[in-house]
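Please open the model in a viewer and keep a selection tool at hand. The stops below proceed from the whole chain to single residues.

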Amino acid sequence: MKKRIFKLVAFLLLMLSVASANAAGYTEFNNLYPDCEDNEPSKIYDPNEWPPGLRTPLFPNGGDVEFLRYIRSHLEQDYPDVVDSIVPSSLPGYPDRVYRAKGMVQVHITIDRCGRAVNPIVTKSCNDKYDAAALKVLSDLPLFKPGALNGERVKVGLLVPVRFVRSTMPVKNEWDTGGDSGWGDSSSSDDSSDDSGSDDSWGSWGGAW
């Protein structure tokens, strides 16, 4: 029993140290341009018109890969319960298998000349709850290293895909089935989906990155 408690405490301390390291890393660009304001109108370089030589914005503590991890970890903190299907159990005493919906929300954000992510807008909807969850995560991002062109900082638009991977969830008394809103690029009727909810194939940034 003591060994188990020791291992649990060691694991929790390890997770805490990792979380602290990540949190510290997200402040990497906080003091890059102190007291920066970007209130003047200027061109936004969207993905379909990125010119040669444009340096795209950089997310702190690891760039694109860490940006994906950040989105996923923050989604998991408040994952919306949108049900795709309930599969009755064939074994007495075992609960039914309840599956979340699966799909992708695409959000356009602008990284301004101070490195702030502003004006998140859903450009490809999935359902109301997933849209809201995606906007919530992308409305409060750490500071990026802003994009630049010819040595000058510029505003850069990014298309960010926020993927919701189907997984099982605990049974509840009432379910939100999402109505007839549809699931975007969902393939939730495919029983071969990963029940664990893990998925490393997040795909591209909708052509943005």
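Predicted model: local features only at pLDDT ≥ 70, side-chain atom pairs only at ≥ 80, totals over all residues.

**The whole protein**

Residues are numbered from 1 along each chain as its sequence is written, and side-chain values use heavy atoms, with hydrogens and water left out.

Now switch to a cartoon view, which shows 3 helices and 8 strands. Helices (H or I, at least four residues) and strands (E, at least two) are DSSP runs, numbered from the N terminus. Traced from that end, the order of the elements is α-β-α-β-β-β-β-α-β-β-β.

Of the 209 residues in the protein, 36% are buried. Here, buried stands for under 20% relative accessible area, exposed for over 50%, and partly exposed for values in between (1.4 Å probe, protein chains only). Among contacts (heavy atoms within 4.5 Å) with a separation of 6 or more, 78% are between residues 24 or more positions apart.

**The largest pocket**

Next, select Tyr-70, His-74, Leu-75, Gln-77, Asp-78, Pro-80, Lys-129, Ala-132, Ala-133, Lys-136, Val-137 and Asp-140, the lining of the largest pocket. Two elements, helix H2 (63-77) and H3, each give two or more residues to this lining. The largest share, 5 residues, comes from H3. The volume of the pocket is about 200 Å³.

The search uses a 1 Å grid over the protein atoms alone; a pocket is an open set of points with protein on both sides within 12 Å along at least five of seven lines, and lining residues have an atom within 4 Å of a point. Grid points are joined across faces, edges and corners, and the volume is the space filled by probe spheres set on the points.

Colour the lining by residue class to find 6 nonpolar, 2 polar and 4 charged residues. In this scheme Ala, Val, Leu, Ile, Met, Phe, Trp, Tyr, Cys and Pro are nonpolar, Asp, Glu, Lys and Arg are charged, and the others, Gly among them, are polar.

Is Ala-134 buried or exposed? Ala-134 counts as buried because its relative accessibility is 1%. Beyond residues up to four places away in sequence, Ala-134 touches Val-105, Val-107, Val-162 and Phe-164.

Then move to Arg-100 in strand S3 (residues 97-100). With a relative accessible area of 13%, Arg-100 is buried. Its contacts outside four places in sequence include Tyr-79, Asp-84, Tyr-130, Arg-166 and Met-169.

**Salt bridges**

The structure holds 8 salt bridges, each defined as a side-chain nitrogen of Lys or Arg within 4 Å of a carboxyl oxygen of Asp or Glu. Select Asp-38, Arg-113 and Lys-155, which are linked in a network of such bridges.

- Between Arg-113 and Asp-38, the closest N and O atoms are 2.5 Å apart. Arg-113 sits in the loop between strand S4 (103-111) and strand S5 (117-124), and Asp-38 in the loop between H1 and S1, 75 residues apart.
- Between Asp-38 and Lys-155, the closest N and O atoms are 4.0 Å apart. Lys-155 belongs to strand S7, and this pair is 117 residues apart. Both Asp-38 and Lys-155 are buried.

For another bridge, select Lys-43 and Glu-49, with 3.5 Å from N to O. Lys-43 is partly exposed at 44% relative accessibility, and Glu-49 is partly exposed at 36%.

**Two positive phi angles**

Most residues other than glycine have a negative phi. Select Asp-35, in the loop between helix H1 (2-25) and strand S1 (44-45); its phi is positive, near 60 degrees. Asp-35 is exposed, with a relative accessible area of 77%.

Finish at Asn-150, in the loop between strand S6 (147-149) and strand S7 (152-164). Its phi is also positive, at about 55 degrees, and Asn-150 is exposed at 73% relative accessibility.

Terms used: 1 Å grid on protein atoms, 1.4 Å probe; cavity = no way out; pocket = protein on both sides within 12 Å on 5 of 7 lines; lining within 4 Å.
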